[in-house]
Amino acid sequence: MGLVSKPAELIVIDNVLSAMVGVEGHYILIKTVCGKSNDITFLVDPSMDLALQELAKRIFPLCKSFLLINQFVESRSQFQSGLVNHAFSAALRALLLDYQAMVAQLEHQFRLGRLSLQGLWFYCQPMMRSMQGLSTVIQRASVNNISGSAVLNLLQSQAKAMAGDNAVRMMLEKMAQCASSAYMSILERWVYEGVIDDPYGEFFIAEDKSLQKESLTQDYEAKYWRQRYSLKDGIPSFLANIAGTILTTGKYLNVMRECGHNVQVPPSENSKLMSFGSNHHYLECIKAAYNFASGELLNLIKDKYDLTGRLRSIKHYLLLDQGDFLVHFMDIARDELAKKPDEVSVEKLQSLLDLALRTTAAAADPFHEGLTCVVERSSLLRRLGTFNDLEVTLRNSGDNDLEEPVSITGLETFSLSYKVHWPLSIVLSSKALIKYQLLFRFLFHCKHVDRQLCGAWQVHQGVRALNTHGTAISRSSLLCRSMLKFINSLLHYLTFEVIEPNWHLMYNKLQSAKSIDEVIQHHDFFLDKCLRECLLLLPELLKKVERLKSMCLQYAAATQWLISSSIELHNPVEPIDDSKGLNKAKWKSGQVLKSTTRNVAVTDSVLKFEKEFNTELQSLGSILSSNSQAEPYLSHLAQWLLGVKNVKNGL
């Protein structure tokens, strides 16, 4: 068929109108490369007038854009494409309807004989720019097969790139808002109810259902709080700056639901998160939801579950703030704690602990029933070596030989634990309790050393009436006094220089905390600071202190032998005729005579203890002084211990 039967231009217009809706004509063919839906070309009959060909080819990009968009709508409307693609396809379908209506109007004008090819080109101009802008987006989306937030980010980035063309930019922004409607519905349920309604996995918050809240009491890393709900890659750009707040808001609502406290953010007319825009109303709604959820959860944990009371109770027992129960417990459990760790009966210790709690001021504490006994299998130094937070510290120190004592007993491995239930386990997690236990073990052993030295001091006081001047007993008494001064100074530093001031700082911060995450942050900071300032994160210093404590215990155990080897005590079985006071005078004279006799073995033992103790103490003092610039708090400990040294030198 040739161009002679009809005017050439009318035939070209008719073919172009057909091509605009994807229909081939006699002189315009549509060719699609197999397997490449984006590769669409239009073939023109070479017998067509060249001028008409050029005009027709100008309209072909619009025809191609229609076909590409139509194919995208059909493929992305399928079930597995996701909610965002469904919403985007629906918006594109509405646009195509407008486009097809425009084509129908042009065809009507053509049938009336009022449309020229140049006029067709003119009327297509506004729609052509918009269709080409969209075709660029869908081509990129198809190549990368993206969905969810990636589609929203692509639409937004393309809208910004078209800032010079206001019409196209506004059309792309409208498409982004339409596509985000389904996404915002998911977001709305999360920040208002704490529910993830995300059947296609498009939301930027992931839920790990394998993690249960009960794991907080066993899991050292507290994965439930950090990983039960977590951020994924591909956060929408318009939510990137507030993604953390969104995550936290839903987490808080979930905690309250787990507590049986069903709370939903109060709805209002202006709280709907249907779309985002330049007015940033959606950001205000999210922040309001966060403030509500944060305040509700904080009040729930503080008031209903009495977090402050629990923390105060733990301080009483694990930080030895309330010492009367501990003194009673150490008295009645002395024999059991003196056994090897494998031989200690935890059940017996628990019953003795319960007895000590019931018969002291601790009975008035409503939370004392949560206290339990634990007997570790390794010393404090070895336990610190396996403490996860110390791995880097120990590697960097170059001093990893935290040796295990040759013989340890329950006194070195005994610890207390505390039963914590949901939701307090969010703050008092397994990791936090382990830190409390490390502090307790250090304090408890210091108390034990202090008690042993006090016993040795009492033995010395028992022979105070004798004339021991210039003897080994006199020198031993001075050494005992120096050791007591050392351990008392250490305990004073740990309790009054470290724990008490840091506790009050934390307590004041907790009163002004705005969220449970701030509470966790302040509490963890308190524990980490106490661990460090109590030397538990400084292996070199801790080993020196443990060595000095070991010397004190060895000396206290040898005190009875030192005294009995220096003085021959009276046998109470032998009667003493004291009617005239003669035998008493003779016995006392014999004691003095015995005490003035230099016992070489005893004197050497005392001198050895004294030399080793002084050497270690001086070494510790020099290390504290050299490190006090990097760690200012060590200057307080150095001041106390150097004070011990000065007193010792003055004796």
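Helices α1 and α4 are roughly parallel to each other (an angle under 35 degrees), because their axes cross at roughly 25 degrees. This is a predicted model, in which local features need pLDDT of at least 70 and side-chain atom pairs count only at pLDDT 80 or more, whereas totals for chains, interfaces and linings use all residues. Residues are numbered from 1 along each chain as its sequence is written, and side-chain values use heavy atoms, leaving out hydrogens and water.

**Packing of α1 and α4**

- The axes of α1 (residues 8-20) and α4 (residues 117-144) come within 9 Å; helices are DSSP runs of H or I with at least four residues, and strands are runs of E with at least two. Axes are lines fitted to C-alpha atoms over the stretch in contact, with angles from 0 to 180 degrees between N-to-C directions.
- On the α1 side, E9, V12, I13, V16, L17 and M20 make the contact (heavy atoms within 4.5 Å).
- The partners on α4 are L117, Q118, L120 and C124.
- By class, the contact residues are eight nonpolar, one polar and one charged.

**Largest pocket**

- The largest pocket has a volume of about 820 Å³, the space filled by probe spheres set on grid points joined across faces, edges and corners.
- It is lined by 33 residues, of which E412, H445, H448, S550 and L553 are the closest to its centre. A pocket is an open set of points on a 1 Å grid where a 1.4 Å probe fits, with protein on both sides within 12 Å along at least five of seven lines; lining residues have an atom within 4 Å of a point.
- Helices α12 (334-337), α14 (380-385), α16 (410-413), α17 (430-462) and α20 (539-566) each supply at least two lining residues.
- The largest share, 10 residues, comes from α20.
- The lining divides into 13 nonpolar, 11 polar and nine charged residues.

**Backbone details**

- The peptide bond from W422 to P423 is cis, with omega near 5 degrees.
- P423 is found in the loop between β6 (414-418) and α17.
- N145, in the loop between α4 and α5 (149-161), has a positive phi near 50 degrees.

**Confidence**

- The protein chain averages a pLDDT (the predictor's confidence in each residue, from 0 to 100) of 80, and 82% of the residues score at least 70.
- Over residues 388-402 the pLDDT is below 50, and this stretch has 27 contacts in the model beyond near neighbours in sequence.

Notes:
Nonpolar A, V, L, I, M, F, W, Y, C, P; charged D, E, K, R; others polar. Parallel < 35°, antiparallel > 145°, perpendicular 65-115°, else oblique.
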